[in-house]
Amino acid sequence: MRRPPLTLSGTAVLLALAGCGAASTPQGAPAPSSAAPGSTTAPASPSSSPTTPAASSTTTTTPAGSPTIAPGTATPTGVTACITVQLRLVAGPVEGTAGSFYATFLLRNGGTHPCSLRGYPGFALLSADGAVIQHPATRTGQPYRTVLVQPGQAGAFVVRTVDATIPGTGCDPAWKTATVQVYPPGQRSALRQPSHLQACNLTVGPVTSSGPAPG
């Protein structure tokens with residue numbers, strides 16, 4: 001005997017479909033968190049957190065007017081400057097050329113320790129009454145270096161004077177020199193020595209070399 005086919009009512013079909021929809025994850029819902037139970041998440045650092053300041057640096061500025069040193073020249077360290085009381089002024093040779101005379105002078109180290117000379121000496125020629133003739137020597141503008149002077153040696157510099165008999169120099173051949181006056185570089189007391197060098201538009205160069213000097 002054939003059994004009639006099983007027929008589901010409309011209500012049964014709707015209940016079955018409702019059960020399937022309850023087991024599905026709705027579209028667009030957030031994915032479940034993978035963090036372990038009880039764990040916490042550190043809050044993000046605020047954008048206004050202070051910035052660690054950069055390390056400060058110190059700039060040393062060379063004061064204006066400091067003596068210049070010729071490139072590539074080493075400066076002796078641990079050697080004090082020569083002072084007037086330890087120096088002796090020595091007149092060197094005088095050479096003439098093209099209306100000018102060039103006189104070399106030496107600053108001899110009479111002490112027992114080395115010392116250094118750096119820069120230009122102050123130079124003037126004095127009359128018999130001690131007055132400066134015309135004006136002190138002007139500097140040539142040459143670069144200079146620190147010169148190490150051993151005991152018994154001397155630093156040399158050159159003075160230029162113009163022939164006073166040449167017209168237009170503004171000099172008087174009647175000017176008579178009695179004394180040469182030299183202030184060593186950086187010193188405030190002078191060395192003096194008798195001299196008959198003609199004074200006329202004097203210029204002086206820096207101390208440029210060191211070597212043996214007459215006793």
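The largest nonpolar core has 24 residues, and F105, F123 and F157 touch the most other members. A nonpolar core is a set of buried Ala, Val, Leu, Ile, Met, Phe, Trp, Tyr and Cys residues joined through side-chain atoms within 4.5 Å. Buried means under 20% relative accessible area, exposed over 50%, and partly exposed in between (1.4 Å probe, protein chains only). The model is predicted: local features need pLDDT of at least 70 and side-chain atom pairs count only at pLDDT 80 or more, while totals for chains, interfaces and linings use all residues. Residues are numbered from 1 along each chain as its sequence is written, and side-chain values use heavy atoms, with hydrogens and water left out.

- A second, separate core of five residues includes V90, L106, A154 and A156.
- Leaving aside residues up to four places away in sequence, F123 touches F105, P136, A137, F157, V159, V180, Q181, V182, L202 and V204; contact means heavy atoms within 4.5 Å.

**The aromatic cluster**

- A search of the whole structure finds four aromatic pairs. Rings of Phe, Tyr and Trp (its six-membered ring) pair if their centres lie within 6.5 Å; planes under 30 degrees apart count as stacked, over 60 as edge-to-face and the rest as tilted.
- F105 and F123 form a tilted pair, with 5.2 Å centre to centre and 55° between the planes. This pair links distant parts of the chain, since F105 is in strand β2 and F123 in strand β4, 18 residues apart.
- Both F105 and F123 are buried.
- F105 and F157 form a stacked pair, with 5.8 Å centre to centre and 20° between the planes. F105 lies in strand β2 and F157 in strand β7, so this pair ties together parts that are 52 residues apart in sequence.
- F157 is buried, as is F105.
- One aromatic cluster is formed by F105, F123 and F157.

**The three-stranded sheet**

- An open sheet of three strands has the order β4-β8-β9, with antiparallel pairing; two strands pair if DSSP finds at least two bridges between them.
- The edge strands are β4 (122–126) and β9 (191–194), each of which pairs on one side only.
- On average, neighbouring strands of this sheet are turned by 20° against each other, direction ignored. Axes are lines fitted to C-alpha atoms, for helices over the stretch in contact, and angles run from 0 to 180 degrees between N-to-C directions.
- Five bridges join β4 to β8, and F123 stands opposite V182 in β8.
- Four bridges join β8 (residues 179–183) to β9, where the bridge partner of Q181 is R192.
- The strand β4 is mostly covered, as four of its five residues are buried.

**The whole chain**

- The secondary structure of the protein chain comes to one helix and 11 strands. Helices (H or I, at least four residues) and strands (E, at least two) are DSSP runs, numbered from the N terminus.
- Of the 215 residues of the protein chain, 28% count as buried.
- Among contacts between residues at least 6 apart in sequence, 76% join residues at least 24 apart.
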